[in-house]
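Here is a short briefing on one predicted model. It takes a strand and its neighbours, then a pair of helices.

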Amino acid sequence: MKKVLFIGYLWPEPKTTAAGHRMMQLLGAFQEQNFEIVFATTASKTQYSEDLSSLGIQTEAIVLNDESFDVFVNKIAPDMVIFDRFMVEEQFGWRLAEAAPNALRILNTEDLHSLRNSRQLALKKGEEFTTTHWLENDLTKREVASIYRSDLTLLVSHFEKQLLKEALDVPEQLLYHLPFLLEEISGCSQEVFPAFEDRRDFICFGNGKHEPNVDAIRYLKQDIWPLIKKDLPEAQVHIYGAYLPQQVQELHQPKDRFLIKGWIADLDTVLEQTRINLAPLRFGAGIKGKLSQAMQNGTPSVTTSIGAEGMFAGLPIPVEIADTPEAFAQKAIALYTKKIDWTAKQEEGIETINQLYSKQQLIPAFFESLNSLYKGLAMHRKQNFIGALLQHQTMASTKYMSKWIEAKNKP
């Protein structure tokens, strides 16, 4: 396998989203393995989009519901195709199956969108989330169908892999746990981290287009920060993120020491100078780039059970976890004021990055699995009967809707 086609849901924005970081990690991993990479998307670029061409990656603008995509695929003849999220697989998977039938088809989930959506709906209804909420969601049916149609699905969260296996009996051979691919933190890097005494204040950050982040900022402002600021009269909280909506910008209140800063190009420098990262997420899925980025900068975090989910399997948990405003505030205050506890969490965070997220360990194992799958692809597909069933014409509603739109749009 030497040519891979990425079909992106968006242009990668590594300086605004964890998903952008993740995509750049995958692209970098394939570059390290000397693949020829083509990145195609229907999306428009933004001011934050990464310049992939400057990295030696071929880029292509593609169109939905148009046979020009088939011509494009025939021309590049990929050995492997990676769909960025299940919606992209719905749009282009059937075309790839016809235009490049021997290409390995991989679904990159980022997170289980259906799980995130189900949790959000439960929160809005004031209900405690259960697996039943997820199983009854139509989005779950679409996402799981996409998983079966793909040869392999990448999951950043070990929790989500287990959920698919245990709740729906999705076969092990269709799933691969591949978390963030990060550089290990060396002893030299640890030595230059600013000390506890040299750091101050709190930070909360996230992309404003991501609804869990917007909800977390509102929750922090309304329910948690009033409890923290009462005990820490000098501390401030700084809110960073691109695309912060008006409802978030209106929360800026200097007198309450709640400061909306917006997007910043160098978030790592700010994180290194901050004592505590706050991530009060009430719904979501996947694993959290805001926690891994804080750990990479030696900054301990306070988060929720949702925030910590799927991130720390088998290791001491390097964050404080609380699911009520009172408990969250108490843990934030304690971590902010107790150097011994703060230092222990920093050290556990470094160990987590080096043990669970080391690209040096994860990338070779991943490509060994891909090579094995590619060599046995025919048998792998024969064993995936449900996937074959979902490719059958009577199940391909999205395919024929697309063909109808294509025909309708022709002059």
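Strand S1 is covered on both faces. Lys3, Leu5 and Ile7 are buried on one side, and Val4, Phe6 and Gly8 are buried on the other. In a regular strand, side chains alternate between the two faces of the sheet. S1 spans residues 3-8, and six of its six residues are buried, so the rest of the structure largely encloses this strand.

**Strand pairing**
- S1 pairs with strand S2 (residues 36-41) in the parallel sense.
- Six bridges join S1 and S2.
- In this pairing, Lys3 stands opposite Glu36 of S2.
- Between S1 and S2 the chain passes through helix H1 (residues 18-32).
- This β-α-β crossover is right-handed.
- S1 also pairs with strand S4 (residues 80-84), again in the parallel sense, over four bridges.
- Here Leu5 of S1 stands opposite Val81 of S4.

**Helix packing**
- Helix H2 (residues 68-76) packs against helix H3 (residues 86-99).
- The angle between H2 and H3 is about 45 degrees, and their axes lie 10 Å apart.
- The crossing of H2 past H3 is right-handed.
- H2 makes the contact through Phe69, Asp70, Val73 and Asn74.
- H3 contributes Phe92, Arg95, Leu96 and Ala99 to this contact.

Note on methods:
Residues numbered from 1 in each chain as written. Predicted model: local features only at pLDDT ≥ 70, side-chain atom pairs only at ≥ 80, totals over all residues. Heavy atoms only, no water. Buried < 20%, exposed > 50% of the residue type's maximum accessible area, 1.4 Å probe, protein only. Helix = DSSP H or I, 4+ residues; strand = E, 2+ residues; numbered from the N terminus. Pairing = 2+ DSSP bridges. Right-handed = clockwise from strand over helix to strand, strands pointing away. Axes fitted to C-alpha atoms, helices over the stretch in contact; angles between N-to-C directions. Left-handed = near helix turned anticlockwise from the far one by under 90°. Contact = heavy atoms within 4.5 Å.
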